[in-house]
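Student: I have a model open and want to learn to read it. Can we go through it feature by feature?

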Amino acid sequence: MCGIVGFVGKEEAAPILLDGLERMEYRGYDSAGIAVRSEQEGLQVKKAKGRLHVLRELTRDGAELSGTLGIGHTRWATHGEPNDVNAHPHISENGRIALVHNGIIENYMEIKEHLIKQGVTFASDTDSEVVAQLLEFHYHECGNMLEAVGRVLRRIEGSYAFGIICADYPNALIAARKDSPLILGYGENGNFLASDVTAVIKHTRDVVYMDDGEIAVLTADSIDVFDDELIPVDKKHHTVDWDVSAAEKGGYPHFMLKEIMEQPEAVRKTVSPRIRDGRVVLDDVALTADYVKEISRIYIIACGSSYHVGMVSKYNWERLLRRPVEVCLASEFRYSAPLVDEHTLVVVISQSGETLDTMAAMREAKRLGGRTLAIVNVVGSSIARESDDVLYTWAGPEIAVATTKAYSTQLVLMDLVGLYLADVLGTVESAEYSAIVEELAVLPEKLEKVLAHVEDIQYFASRYFNHDSIFFIGRNLDCAMGMEGSLKLKEISYIHSEAYASGELKHGTISLIEHGTLVVALGTYRALLDKSISNVVEVKARGAEVLAVTTDEFRGKMEKTADAVIAVPESHPVVQPSLGVVPLQLFAYYVALQRGCDIDKPRNLAKSVTVE
Ligand code: M6R
């Protein structure tokens, strides 16, 4: 959830750290801090509650701290309220060691009590400070920083990515990781550590992904990586295939709007290399036909919007594969005695590839003997590396906390995988197979058509933004799509919202519909359109105001019932949610804009959820 960055080199560290933190602010934004070391000033630390601009002002854009070695942190609070003291970096009692941490130290209380008995005084309420103090303790004991880090790592339990500097090592930065992402970057004027490539992409595209249990020592000219026994490890270098412009707003007022607008291109990049001569080709997976034919059960595991992709895919895959597909919230999966064996395919979906719940569920599925296939956006992320197979959504970096283009690319990739499996199993008619492939190929143009009507949605947002409760209703694929529309709206506009299966409303929830309640009625699934319209009539009869989303073909029919209608181009039912969701994303965006919300960094949230 938090973002960490570190630099050691031949340039002033503070401006580089602040820039890196700004690019990673979506990982957490309740406080931030940096520590920089110089020969003359020693270790200097500045921390501030609030957004990064507060720290920028406090440090005069970094000019207040001098030195070419430093670490920085942007926080999403877990232990201890967001304030200046709990902000990172944390400093050991003698002021010689500074540490930034992403993750959670589970046994921190026990260590803290032990250190207090030894006379150590703590400044903050955090689990992270315990590690800084424990480091000082072991460093005092053994007199070697690397050895001290090794001892600390053997003592602590939980998840971590650390950046560490010590006043006695003026030219070295130490990194360590377990279950929290950490990359190392090779720059021309120095080397970097960061939670995320976005923090260093301005300086280098040459990176190494640290693995669990590894420790690294960075100097201006070298990076050495060791395993948990402090034995040197050879690491593979990766070249990041996107550049700094992909992680900037490019003239848009918000990353979210930019990312919504990027969807046609992101979908094109995800689909087109995987369709050849009208067939789906998944070069990068090792699922053999023999294995596929033996699949008896499929789980899709994910959180949040990725879970909603799973909900859409359940309908599509059961239609195509004629196999049971169960969609599980990752946070529930491993506590539910899942029925996994070697004939179970477990598909995990994650934009970040770092979501702890999803990762833990995937590990459990593997432990039970299932075969895992990860659908991931971030190249080299933990889930991507641990899964048996991985397929990337080529959405590019997604910065806004509310996902849009990653969701869309996950949807189409799941359609491709569904087709691929159905083809192997022989459960899809060739006419249907070809129709879906054709629709996926032309989807980018159809998405462009939807995005060309952004003003209509802007208008509806200005008409409805002051509602305080909004329902999304639909049947089948529309119901699954409504879940995403509802989440998008609540996470960035803070309006209470619920998604409901239209047919289920009358079993209780319809009691909440009263005069003026806004209902967003989704009617893009042609097979159930008439039934959906009946449900619109039901809520209208109870005073609801209805904004309908349907297809061009059914606009006229919907207009006879709903108060307002948004129409998207027609597609094959399997692909239709990819078009229907876009007005919902835009609606959420413009409603939040009207309400003056902080769209890219909604309250209480962070982009990558690396705590359970
Ligand atoms: O990175 P992941 O796809 O694993 O993230 C899962 C959810 O945390 C994420 O989709 C979240 O719900 C988004 N903020 C929704 O916009």
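**Reading strands, ligand and rings**

Tutor: Start with a pair of strands: β5 and β6 are antiparallel partners, joined by two bridges. Keep in mind that this is a predicted model.

Student: Which residue of β6 is the bridge partner of I91?

Tutor: A98 is the bridge partner of I91. β5 and β6 also form a hairpin, with five residues between the strands. Look at G95 in the turn: its phi is positive, about 75°.

Student: What holds strands together in general, and in which senses can they pair?

Tutor: Strands of a sheet pair through backbone hydrogen bonds, and the pairing is either parallel or antiparallel. Here, β6 runs antiparallel to β7, with nine bridges between them. Find I105: G158 in β7 stands opposite.

Student: How many of the residues of β6 are buried?

Tutor: Nine of its nine residues. Strand β6 covers residues 97-105 and is mostly covered.

Student: In what order do the strands of this sheet come?

Tutor: The order is β5-β6-β7-β8-β12-β13-β14. That is an open sheet of seven strands with antiparallel pairing.

Student: Which are the edge strands?

Tutor: β5 (90-91) and β14 (232-233), each of which pairs on one side only. Further in, β12 (residues 215-218) pairs with β13 (residues 223-226). Four bridges join β12 and β13, in the antiparallel sense.

Student: Which other strand pairs with β21?

Tutor: β22 (residues 389-392), again parallel, over four bridges. For a check on screen, pick I375, whose bridge partner in β22 is L391.

Student: Why is β21 called largely enclosed?

Tutor: Count the buried residues. β21 spans residues 371-376, and five of its six residues are buried, so the rest of the structure largely encloses the strand.

Student: Which atoms come within polar contact distance of the ligand?

Tutor: Begin with S350. One of its polar side-chain atoms is 2.6 Å from a ligand oxygen. In S352, a side-chain N or O atom lies 2.7 Å from an oxygen of the ligand. S305 uses its backbone instead: a polar atom there is 3.1 Å from a ligand oxygen.

Student: How much of the ligand does the protein bury?

Tutor: Taken alone, the ligand exposes 410 Å², and the protein buries 90% of that.

Student: Then the rings. What describes a pair of aromatic rings?

Tutor: The distance of the centres and the angle of the planes. The count for this model is seven aromatic pairs. One of them is Y139 with Y169: 6.2 Å centre to centre, 55° between the planes, hence tilted.

Student: Why is the Y139 and Y169 pair said to tie parts together?

Tutor: Y139 is in helix α4 (residues 127-142), while Y169 is in the loop between β7 (158-166) and β8 (173-178), so the pair links parts 30 residues apart in sequence. Y139 is buried at 15% relative accessible area. Y169 is partly exposed at 28%.

Student: What is the geometry of the rings of Y392 and W394?

Tutor: Their centres are 5.4 Å apart and their planes stand at 40°, so the pair is tilted.

Student: Is Y392 buried or exposed?

Tutor: Buried, because its relative accessible area is 14% and the cut-off for buried is under 20%. W394 counts as partly exposed, at 29%.

Note on methods: Residues are numbered from 1 along each chain as its sequence is written. This is a predicted model: local features need pLDDT of at least 70, side-chain atom pairs count only at pLDDT 80 or more; totals for chains, interfaces and linings use all residues. Side-chain values use heavy atoms; hydrogens and water are left out. Buried means under 20% relative accessible area, exposed over 50%, partly exposed in between (1.4 Å probe, protein chains only). Two strands pair if DSSP finds at least two bridges between them. A polar contact is a pair of N or O atoms within 3.5 Å; within protein, one must be able to donate a hydrogen and the other to accept it, and residues adjacent in sequence count only if both atoms are side-chain atoms. Accessible areas come from the Shrake-Rupley method with a 1.4 Å probe; for residues, only the protein chains shown count as cover. Rings of Phe, Tyr and Trp (its six-membered ring) pair if their centres lie within 6.5 Å; planes under 30 degrees apart count as stacked, over 60 as edge-to-face and the rest as tilted.
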